Amino acid sequence: MPAVTFDQVTVAVEQDDSPHPKVLLDAVTLRLDQSRVGVIGANGSGKSTLLRLVNGLVQPTSGTVAVDGDDTVRAVRHVRRNVGFVFTDPLSQLVMPTGREDVELSLRRSVKDAAGRRRQAEAALARFGLLKLADQSIYELSGGERQLMALAAVLAVDPKVLVLDEPSTLLDLRNRELLRRTLAGLDQQIIMSTHDLDLALEMDRVLVIEEGRVAFDGAPAEAVAAYRSWCLHGLDPAATDTP
Amino acid sequence: MRGHGFLLANYVPGTSFLHRAPLAVKFLLVVASGLASFVIVDWRLSAAVLAVFCGLFLAAGAGAKRLWGAVRPLVPVLLVVGLFQGWQLGAPTGARIVLNILVCIVAASLLTATTPVQQLLDGVVRLARPFERFGADPERFALTIGIMLRSIPYIAGTFADVRDSARARGLERNPRALVLPVFITSVAYARQTGEALAARGLGDAED
C-alpha cells in the first residue's frame with residue numbers, strides 16, 4: 001500500500017479584510033498507509049484542504065506532502081498520475097459531453113492509439129456496469145450514475161491512490177449504497193472525506209478534522225463516537241471519552 | 001443543474017454514409033456552409049441548402065427531435081434577428097440571414113452528430129500538429145474544443161435555472177438578477193473545470 005505522508009503541513013490563505021492569513025490547516029503531521037482512510041469533520045474544518053494536498057491541487061504554505069516518496073509540489077505531474085481525485089459534484093468533474101468521451105479523455109495521455117483507447121474505455125465502463133450509459137449525455141444520467149461515471153474516468157488510468165471528497169453527499173440512499181459497494185471492491189488505497197458516518201465506520205482508520213487540526217486519529221468506531229459526541233454536546237473530540 | 005440547451009447535436013452512433021465519411025470532408029462541409037452564408041444572396045437558395053442539410057441530418061439517423069433540439073435554443077434570437085433585418089433591409093434579406101444561420105447550425109450539428117468527440121479531437125490534434133514547432137501543444141487545442149462542447153449546454157442550463165429562480169422571486173424583469181448569477185456561476189464553473197482537469201493531469205504539457 002502506498003504511503004501518503006504529511007510533514008508539519010500548514011496551509012494559510014490571505015484575507016481581504018484582515019492582515020492575518022486564515023489558517024486552513026495547521027502543522028499537520030500524518031502517515032497514511034492503511035487501505036481505507038476516512039476523514040470526517042464539520043463543514044469548513046479543513047477536510048477538503050487535507051485531501052486536495054494529496055493530489056497537489058492545494059500546495060502547502062509550509063511543510064511537505066509526499067505520495068510514495070514523491071513530493072506533491074516538486075513532482076506534481078507524477079503524483080497526479082498516481083493519485084486519482086473524485087469531487088463531490090460529478091458535473092464539475094466530467095468535462096466531456098458523454099461518459100465514454102470523458103473516460104477516453106482520461107486515457108488520451110497514456111494510450112495514443114484511438115482504437116486501443118476505445119477498447120480500454122469500454123473495459124473501464126463495463127467494470128462498473130456503465131457501458132449501456134456510455135453514449136448518453138451526462139445530463140441525462142442520475143446522480144449515482146454520474147458519480148460512478150466520474151469514478152470510472154478516474155480509475156481508467158489505474159491510479160495507486162484514490163482520493164474522494166465527500167462523494168456521497170449528493171446521492172440518495174440507493175446510489176450511496178451502490179457507491180459504497182463499488183468502493184469496497186477497489187484495490188486502490190482510498191482516502192475519503194465523508195459526512196456519512198456509516199461509511200466512515202467501514203474504514204480502517206478515521207481522522208476527525210476540526211479547525212485545521214487533526215482532533216482525533218484512530219479506529220473508526222472511536223473516531224465516529226468522538227465526533228458524534230462533539231457534534232451533539234459541543235465537546236472537544238480529542239478530550240472526549242470514547243468507548 | 002439542467003443541461004438541456006444544446007446548440008450542437010451530440011454524437012449518435014450509426015453506420016450511415018455520413019458516419020463513414022472522412023472527418024476532413026465533414027469539416028470542409030461546415031467551413032463551406034459558413035463561407036456560403038456570405039455568398040448566397042437569394043433566400044430561396046438558402047432554404048434549399050437548409051432543406052438538403054436537414055435531409056442529410058435525418059438520413060444520418062440522428063432524428064428530427066435532435067435536429068429540433070439543436071435549433072430550438074436559437075429560435076428566439078433568430079426571430080428577433082429576422083424581424084429586425086426584415087424591417088431594415090426587407091423581408092427577403094431577413095429570411096436569407098436567418099436561413100443562412102440555420103444552415104451553419106445544422107451543418108455543425110451534422111458534424112458533431114456523426115463524429116465521435118474523440119475522433120473530432122484527434123482531427124484537431126492533427127490540424128494543430130504544424131504549430132508544435134512554435135511551442136503549441138496540439139492536445140491542448142483538442143481539450144479546448146472538447147471543453148467548449150461540454151460548456152455550452154452547462155451555461156445554457158445555468159441560464160434556465162437562474163431564470164426560474166428569478167421568476168420564483170418575481171425578478172424576471174430585472175436583467176441584473178438574470179445576468180449576474182449566470183456570470184458568477186460560469187466563472188465558478190470555469191474554475192471547477194480547471195481544477196478537475198488539473199486533478200486528472202489533463203492540460204499539462206507533454207512529457
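Modeller: Chain B is assigned domain 1 (17-115) and domain 2 (117-207), with bounds from an automatic or database domain assignment. This is a predicted model, so local features need pLDDT of at least 70, side-chain atom pairs count only at pLDDT 80 or more, and totals for chains, interfaces and linings use all residues. Residues are numbered from 1 along each chain as its sequence is written, while chains are lettered from A and ligands numbered from 1 in the order in which they are written.

Biologist: How do you know that domain 1 of chain B is in contact with domain 2 of chain B?

Modeller: Contact asks for C-beta atoms, placed from the backbone, within 7 Å. On that rule, 4 residues of domain 1 of chain B pair up with 4 residues of domain 2 of chain B. Their C-alpha centres are 24 Å apart.

Biologist: Over in chain A, why does Ala27(A) count as partly exposed?

Modeller: The rule counts other C-beta atoms, placed from the backbone, within 10 Å: 20 or more is buried, 12 or fewer is exposed, in between is partly exposed. Ala27(A) has 15 such neighbours, so partly exposed is the label. Ala27(A) sits in strand E2 (residues 18-32) of chain A, a strand being a DSSP run of E, at least two residues, numbered from the N terminus.

Biologist: And what makes Asp158(A) partly exposed?

Modeller: Asp158(A) has 14 C-beta neighbours inside 10 Å, so it counts as partly exposed.

Biologist: What is the phi of Asp158(A)?

Modeller: Near 55°, a positive value in a residue other than glycine. Most residues other than glycine have a negative phi.

Conventions: Helix = DSSP H or I, 4+ residues; strand = E, 2+ residues; numbered from the N terminus. Contact = placed C-beta atoms within 7 Å.
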